[in-house]
Every structure is written in C-alpha cells, then in structure tokens.
Amino acid sequence: MPELPRGDHMRLEDKIYKWFDDRFKLKELLTPIIKHPAPEYAVTNPLYCLGGIAFLCFLILVGTGVFLAMYYKPTPLEAYKSVEHIMTAVPMGSLIRSLHHWAANTMIAAVMLHMMRIYFMGAYKKPRELNWVVGVTLLLITTTFGFSGYLLPWDQLAFWATKIGTGIAGSIPVIGEYISLILVGGTDIGAETMTRFFAIHVMILPITIAILLLMHFAMVRIQGISGRL
C-alpha cells in the first residue's frame with residue numbers, strides 16, 4: 001500500500017483510509033491480497049476472464065436491482081403497472097432495467113462457459129473438488145435467479161413461463177410436489193407465488209450467492225488458479 005502524506009496535507013480520501021487503517025489494520029490485511037499477482041497465462045487468456053465477467057455482472061445486478069426495487073410493487077394488481085412506470089416515467093428507468101436484463105443473461109452465459117472451461121481443463125480435480133461443487137451450486141443459483149425474476153413483470157409471458165417452470169419442478173420424483181407447493185404457495189400461480197418469488201429473488205438468493213462467492217474466492221486464493229490449456 002502507498003505511504004500516506006502526513007499532517008494537514010492529506011487528502012480527504014487518505015484521511016478516511018487512515019481512520020479505518022488505524023482501527024482495522026487494513027494495510028496488513030489487504031497488502032497480501034492486492035500484491036498477489038495472477039499467472040501470466042491467466043492474464044493473457046480470455047477464457048480465464050469468464051469468472052470475473054460473471055462477478056462483474058453480479059455487481060451490476062445488485063446495483064440495478066436495488067434501484068428497481070425502489071419502484072417495483074410485488075402484487076398482481078400493481079406489478080405490471082410499476083414495471084411500466086419504471087420503463088416510461090422513472091428517469092433512466094428503461095436504461096437501468098435493460099442493464100439488469102442483459103447483465104442477468106450475460107452472467108448465466110459467463111457462468112456456464114466458465115464451468116465448461118473448468119470441466120474440459122480438468123480443473124475440478126484434486127485439490128479443487130470442493131470448489132467445483134461450490135461452482136456447480138453457483139450455476140444452479142444463477143439460473144434460479146433468472147427464473148425467479150421472470151415472473152416479476154407479471155405479464156402473459158412471465159405467467160406461462162412460470163407455470164411451465166413450476167410444473168417441471170413439480171414433476172421431480174418424491175420431492176417435486178413439495179418443491180412446487182413451496183414455490184407456488186397453493187394450487188395455482190397467484191399473489192402468494194409472486195410474494196415468494198420476490199422474496200427468493202431479492203433476499204434468499206443474493207445472500208446465498210454472496211456467501212458462496214466468498215467461499216469460492218477464498219478457495220481460489222488458497223489453491224491458486226488452475227494451469228494453462
């Protein structure tokens with residue numbers, strides 16, 4: 001970490017950093033992480049950037065999602081109108097919703113391609129077996145993220161897509177009936193379903209994916225990046 005100027009000549013951001021550093025020893029904590037270089041083959045090969053692209057999309061989704069949640073109303077009577085309001089009346093609402101939409105699609109594609117690279121390179125083998133399991137779980141959660149957000153506009157496409165999706169989940173042997181009941185909240189898609197999908201989309205999945213990402217990054221930091229193709 002760079003040495004900070006002393007006295008009254010310090011800039012505001014330096015003063016803020018020093019305030020935290022005096023209390024939490026940020027310099028000792030962050031320096032080993034920041035100064036840990038990535039291998040040359042990982043820096044020059046675009047295939048190694050897929051995980052980073054997925055994480056960037058996640059950050060965009062968090063930022064745009066918070067903005068959309070300020071205007072969205074998760075009830076069957078108001079959901080579609082609130083989305084319409086975001087698209088037509090909220091300043092930059094159309095742009096931010098489009099960013100949310102495309103970041104979600106890009107994240108799913110990036111995670112799938114990232115997992116394919118890991119598989120075909122054999123990077124899931126010892127000692128990275130647990131990181132592979134975390135990665136597969138992240139892929140499932142990412143697709144669930146997209147599915148749970150699909151119902152929220154509450155239009156015809158969203159309704160029937162959710163109908164098909166919950167029907168597929170309900171066809172799973174033994175546990176399918178219970179999964180369908182948890183998702184739908186009754187015998188048919190309605191207000192209960194929307195409330196549950198909204199809670200899953202903005203609370204349960206973001207917290208879960210953040211915890212798994214921390215585990216994933218920690219294991220990559222400890223075990224290093226897998227070898228070249």
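Contact, in these legends, means heavy atoms within 4.5 Å. Everything shown comes from a predicted model, in which local features need pLDDT of at least 70, side-chain atom pairs count only at pLDDT 80 or more, and totals for chains, interfaces and linings use all residues. Residues are numbered from 1 along each chain as its sequence is written, and side-chain values use heavy atoms, with hydrogens and water left out.

**View 1. Trp 154 and its neighbours.** Leaving aside residues within four places in sequence, Trp 154 is in contact with Pro 76, Ala 79, Tyr 80, Phe 159, Ile 189, Gly 190 and Met 194. One of these partners, Phe 159, also forms an aromatic pair with Trp 154: the ring centres are 6.2 Å apart and the planes lie at 85°, so the pair is edge-to-face. For such pairs, rings of Phe, Tyr and Trp (its six-membered ring) must have centres within 6.5 Å; planes under 30 degrees apart count as stacked, over 60 as edge-to-face and the rest as tilted.

**View 2. The two sides of helix H5.** Helices here are DSSP runs (H or I, at least four residues), numbered from the N terminus. Buried means under 20% relative accessible area, exposed over 50%, and partly exposed in between (1.4 Å probe, protein chains only). Which residues of H5 are buried? In this helix, spanning residues 79–88, they are Ala 79, Ser 82, Val 83 and Ile 86. They cover an arc of only 100° around the axis, which puts them on the same side of H5; the arc is that of the directions from the helix axis to the C-beta atoms. An α-helix has 3.6 residues a turn, so residues three or four places apart point the same way. Lys 81 and Thr 88, on the other side of H5, are exposed. The buried residues pack against helix H4 (50–69), helix H6 (93–121) and helix H10 (191–223).

**View 3. The nonpolar cores.** A nonpolar core is a set of buried Ala, Val, Leu, Ile, Met, Phe, Trp, Tyr and Cys residues joined through side-chain atoms within 4.5 Å. The largest one has 31 residues, and those with the most contacts inside it are Tyr 72, Met 107, Leu 138, Ile 141, Trp 154 and Ile 209. H4, H5, H6, helix H7 (129–150) and H10 each supply at least two residues of this core. H10 gives the most, with nine residues. Apart from this core lies another, of five residues, among them Leu 68, Ile 86, Val 90 and Ile 96.

View 4. The structure holds twelve aromatic pairs. In one of them, the rings of Tyr 119 and Trp 132 have their centres 6.4 Å apart and their planes at 35°, so the pair is tilted. This pair links distant parts of the chain, with Tyr 119 in helix H6 and Trp 132 in helix H7, 13 residues apart. Tyr 119 counts as partly exposed because its relative accessibility is 46%, and Trp 132 is also partly exposed, at 23%. Ring pairs join Tyr 119, Phe 120, Tyr 124 and Trp 132 into a cluster.

**View 5. Arg 117 and His 114.** Arg 117 lies over the face of Tyr 48, at 4.3 Å from the ring centre. A charge sits over a ring if NZ of Lys or CZ of Arg is within 6 Å of the ring centre and within 35 degrees of the ring normal. His 114 is found in helix H6 and is buried, at 16% relative accessibility. Not counting residues up to four places away in sequence, His 114 touches Leu 50, Gly 51 and His 216.

View 6. How many disulfides does the structure hold? There are zero, where a disulfide is a pair of cysteine sulfur atoms within 2.5 Å. The sulfur of Cys 49 is 13 Å from the closest cysteine sulfur, in Cys 57, too far for a bond. Cys 49 is partly exposed at 35% relative accessibility, whereas Cys 57 is buried at 7%.

**View 7. Arg 221 and Gln 223 in helix H10.** Arg 221 belongs to helix H10 and is partly exposed, at 34% relative accessibility. Arg 221 and His 36 are 185 residues apart in sequence and 8.8 Å apart in space, C-alpha to C-alpha. Setting aside residues up to four places away in sequence, Arg 221 touches Pro 32, Ile 33 and His 36. Gln 223 is also found in H10; with residues up to four places away again not counted, Gln 223 touches Pro 127, Arg 128 and Asn 131.
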